[in-house]
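This briefing covers a predicted model.

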2 protein chains.
Amino acid sequence: MSKESYSIQEAILYSHKMAQLSKAIWKQIEKDWQNWVKPFELNLNEHHILWICYHLNGASISEISQFGIMHVSTAFNFSKKLEERELLTFSKREEDKRNTYVELTDAGKELFEETMEAHANGTDKNTVMQASLPLKDLYGRFPEFQDLEAIVKNIYGDEYLEILDRSIASIREEY
Amino acid sequence: MSKESYSIQEAILYSHKMAQLSKAIWKQIEKDWQNWVKPFELNLNEHHILWICYHLNGASISEISQFGIMHVSTAFNFSKKLEERELLTFSKREEDKRNTYVELTDAGKELFEETMEAHANGTDKNTVMQASLPLKDLYGRFPEFQDLEAIVKNIYGDEYLEILDRSIASIREEY
């Protein structure tokens, strides 16, 4: 892509707007997420790991790192804490000895399901979802953000959206 | 807004997708931003404070906190560090003695302009902008994200978007 396809002004305006909007949205999601899982003595990273392992039916540390957008060491250290609480187990797979795989124990699955129940009973505390309801009323459905998806795909690769699709399919089956 | 206007499944699918997309975008912006301002011995919060004060022509600590989406104490502490480097000054205003106002010194303005020059010469390192170029080629302009704006407005109030508009107008004048 040549530099001539955009002006410096356009680039700065766009970057500035994207930074302000995505920081605003993410910080609110982070706050709500923390408040949601705190009663279960989990932090956001720990809950994100449970989420990923639950919906992907087990995952490698590198999948957790990639899809959870956390360092490999963060993914490993928080998984280790969850293992100490007997919420998950580590294993190696015969066909792939280099990666460590993580699977939820029954206790891990139960705890995750409890958090989801709390969410279902407390959607009024989900600020971003609540703030999106006027758009849902307008369109008849929640916004799809296909532009954002395209940008994320260009940055993180097709695999990221594939994992997102798998986790969405798993949620669809669940409810 | 009554609970009946959406199903639990819809709410969870939407929240999950929003969390994954906005975390992905924000974490990449954060990374690029840190790499961009590091050579100037600034961190992201410090640069955001310079940015806000530059484009709003001075700002109160509470405006910095609100628009920068950082705690008031974070806004104050990093402003203090910038004051120690003589990049900005604190003052009170006659008509509003309760708030502390921050204004950039000439050195602060110069440093900020240098960072912007570095950005203009290094837009190839702006991952999110680069990842948006295929959309720009498709639409003829960068995506506008009006849905996101509406959600941010519902969460943070009209004032947030007003400040965004003021900073965008200031960038337009600049280039």
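In this predicted model, 72 residues from chain A and 72 residues from chain B take part in the contact between the two chains. Together the chains bury about 7,400 Å², and 70% of that area is on carbon and sulfur atoms. On the chain A side, A:Tyr14, A:Gln20 and A:Lys23 lose the most area to chain B, together 9% of what that side buries.

**Polar and charged pairs across the interface**
- Between chain A and chain B there are 34 residue pairs in polar contact, with both residues at pLDDT 80 or more.
- Four salt bridges cross the interface of chain A and chain B.
- A salt bridge links B:Lys17 to A:Glu149, with 2.8 Å between the closest N and O atoms.

**Make-up of the chain A side**
- The elements of chain A that give two or more residues to the side touching chain B are α1 (8–37), α2 (44–55), α3 (61–68), α5 (106–120), α6 (127–139), α7 (146–156) and α8 (158–174).
- α1(A) supplies the largest share of that side, 23 residues.
- By class, the side of chain A that touches chain B holds 42 nonpolar, 19 polar and 11 charged residues.

**Annotated domain**
- An unreviewed UniProt entry annotates residues 11–157 of chain A as "domain: HTH marR-type".
- Residues 11–157 of chain A are 67% helix and 12% strand, and the end C-alpha atoms of the span lie 22 Å apart.

**Strand pairing in chain B**
- β2 (residues 88–93) and β3 (residues 96–104) of chain B pair in the antiparallel sense over six bridges.
- A hairpin of two residues joins β2(B) to β3(B).
- B:Leu88 has B:Leu104 as its bridge partner in β3(B).

Note on methods. Residues are numbered from 1 along each chain as its sequence is written. Chains are lettered from A and ligands numbered from 1 in the order in which they are written. This is a predicted model: local features need pLDDT of at least 70, side-chain atom pairs count only at pLDDT 80 or more; totals for chains, interfaces and linings use all residues. Side-chain values use heavy atoms; hydrogens and water are left out. Two strands pair if DSSP finds at least two bridges between them. Helices (H or I, at least four residues) and strands (E, at least two) are DSSP runs, numbered from the N terminus. UniProt positions are given in the numbering used here, feature names are shortened, and annotations may be inferred rather than shown by experiment. Contact means heavy atoms within 4.5 Å. Buried area is the accessible area (1.4 Å probe) that two parts lose on being put together, summed over both. A salt bridge is a side-chain nitrogen of Lys or Arg within 4 Å of a carboxyl oxygen of Asp or Glu. A polar contact is a pair of N or O atoms within 3.5 Å; within protein, one must be able to donate a hydrogen and the other to accept it, and residues adjacent in sequence count only if both atoms are side-chain atoms. Ala, Val, Leu, Ile, Met, Phe, Trp, Tyr, Cys and Pro count as nonpolar, Asp, Glu, Lys and Arg as charged, and the others, Gly among them, as polar.
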